[in-house]
Amino acid sequence: MLRRPEYRRALVFCGLIGVPVALIAFWFLVAIHQIQRFIWTDWPKDLGWKQAPWWWGLPLMAVAGLVVALVVTRLPGRGGHIPVAGLHSGGVTKEALPGVVIAAIVGLPLGVVLGPEAPLIALGGGLALLFASLARAPQNEKSTALFGAAGAAASISALFGNPVVGAVLLMEVAGVGGPQLFAVMLPALLASGVGDLIFTGFVHWTGLETGSLDIGLPKPPPLDWPDVLWVLVLAPVIAFVVHWIFVGGRFAARFVANHTLRNTFLCALGAAVCITLYAVSTGRSPAEAALSGESALTELAHDPHAWPVGALVAVLVFKGLAYMLCLGSLRGGPVFPSLFLGGAAGVLLAPLPGLGLVPAMAAGMAASVTAALRVPVSSVVLVVLLLGNVDTVALVVLAAVIAFVVTELLPQGPDIPPFARRASSAGAAADVRR
């Protein structure tokens, strides 16, 4: 293939468009972060509050719901696909870019319990097609798919800060290889995780060495059998709960399909009520139950003792419900809220006998994000990257494989409305007529 001139030209072009796409993705993320910090941190303090008051999310989410509802019903592309349908690497045209950007730049900073990854994938793919059109590059079905995937990978790598995560995620999301990919990959992933557990255990228990690439950095306490046994219990439970959050999101999507403008707004208000109930019941900031959870996850990992048991239970319940409503109605990505819920569950369960904080968070995050995305390899890579701890890789692999099997075997809930699975201008026009 590399000997074909057209493929080499496409390869060079993909490398070139990666530059402007990554730059635009960077400023897109900066804008969301700065607006979010101003609205939820700086503005309340400027008005004299120590933190955002309990009612803060109600007007913000009302505005977010109204704007997203108008984008979905009035603009081409419907602002992207409904996030309960998972991540998609295709289906967004350059005409859909304004709707995707508006829905994300307004909804996400105002408190929508979703992340920026799905809008970034749509933004990167749409921009790549736009640049290809401006450069008058030859466009056919194969080149369109190639340019879209390259743009999506460039933008998503800007979010995760790692090209490997972006490439692996896009490969799994695009479904390269189809069912055969998972049929081969899942047993290999499980076997590698079990092999690592056995190898790590024998090195630890016997004290013998086989040679290592370890350069001598400090390590956390080594894994032990209780960690493994707890993962076998906790991973299916967490996957079960997250799966039913997504089933609830499917029901929300069906509800929205009946009357998109009104019911999108109602789902946003329902999420706002959940956020408010969290703040009222705990006396803590409503921002912890709102937003993607990316910043809150960092705070949770650095200072887990700052979260009482009651606050952890409340955030799991109320953020989980708000996440469910947002999945079926608003626009954004499912990754970071699922990571936060898994991490919070891990912190809550870490005091169990023989289970530590790091293994508990590793297993919780891996099970949760795998149940949400159904991409086990990408989930493993992402969680390991976030933890920065290679000693928990085997637990992460084990939790991800268990979660994937559990979610695949459970009932999947109602079908998602066809127009919700991909962004299309035709879908928006049909919904306006409805």
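**Close-up 1. Helix α14 passes helix α15 in a right-handed crossing.** Right-handed here means that the near helix is turned clockwise from the far one by less than a right angle, anticlockwise being left-handed. The helices are DSSP runs (H or I, at least four residues), numbered from the N terminus. The axes of α14 (residues 376–387) and α15 (residues 393–409) come within 9 Å and cross at roughly 145°. Those axes are lines fitted to C-alpha atoms over the stretch in contact, with angles running from 0 to 180 degrees between N-to-C directions. On the α14 side, the contact (heavy atoms within 4.5 Å) is made by Pro376, Val380, Val383, Val384 and Leu387. α15 brings Val393, Val396, Val397, Ala400 and Phe404. Sorted by class, that gives ten nonpolar residues, no polar and no charged ones. For this sorting, Ala, Val, Leu, Ile, Met, Phe, Trp, Tyr, Cys and Pro are nonpolar, Asp, Glu, Lys and Arg are charged, and the others, Gly among them, are polar.

A quick note on what you're looking at: this is a predicted model, where local features need pLDDT of at least 70, side-chain atom pairs count only at pLDDT 80 or more, and totals for chains, interfaces and linings use all residues. Residues are numbered from 1 along each chain as its sequence is written, and side-chain values use heavy atoms, with hydrogens and water left out.

**Close-up 2. On its other pairing shown here, α14 meets α13.** The axes of α13 (357–373) and α14 come within 9 Å and cross at roughly 145°, and this crossing is right-handed. From α13, the contact takes in Ala362, Met365, Ala366, Val369 and Thr370. From α14 come Pro376, Ser379, Val383, Leu386 and Leu387.

**Close-up 3. Arg374 and Glu408 form a salt bridge.** The term covers a side-chain nitrogen of Lys or Arg within 4 Å of a carboxyl oxygen of Asp or Glu; here the closest N and O atoms are 3.1 Å apart. Arg374 sits in the loop between α13 and α14 and Glu408 in α15, so the pair ties together parts that are 34 residues apart in sequence. Arg374 is partly exposed at 21% relative accessibility, and Glu408 is partly exposed too, at 42%. (Buried is under 20% relative accessible area, exposed over 50%, partly exposed in between, using a 1.4 Å probe and protein chains only.)

**Close-up 4. Glu288 and Arg284 make a salt bridge between buried residues.** The closest N and O atoms are 2.9 Å apart. Glu288 has 13% relative accessibility and Arg284 has 18%. The salt bridge count comes to two.

**Close-up 5. Trp40 sits in the largest nonpolar core.** A core is a set of buried Ala, Val, Leu, Ile, Met, Phe, Trp, Tyr and Cys residues joined through side-chain atoms within 4.5 Å. Beyond its neighbours within four places in sequence, Trp40 contacts residues including Trp56, Leu60, Pro109, Pro286 and Leu291. Apart from this core lies another, of seven residues, among them Phe13, Cys14, Ile17 and Ala132.

**Close-up 6. Asn263 is found in helix α9 (residues 260–282).** Asn263 counts as buried, at 1% relative accessibility. Leaving out residues up to four places away in sequence, Asn263 touches Phe255, Val256 and Asn258.

Key
Helices (H or I, at least four residues) and strands (E, at least two) are DSSP runs, numbered from the N terminus.
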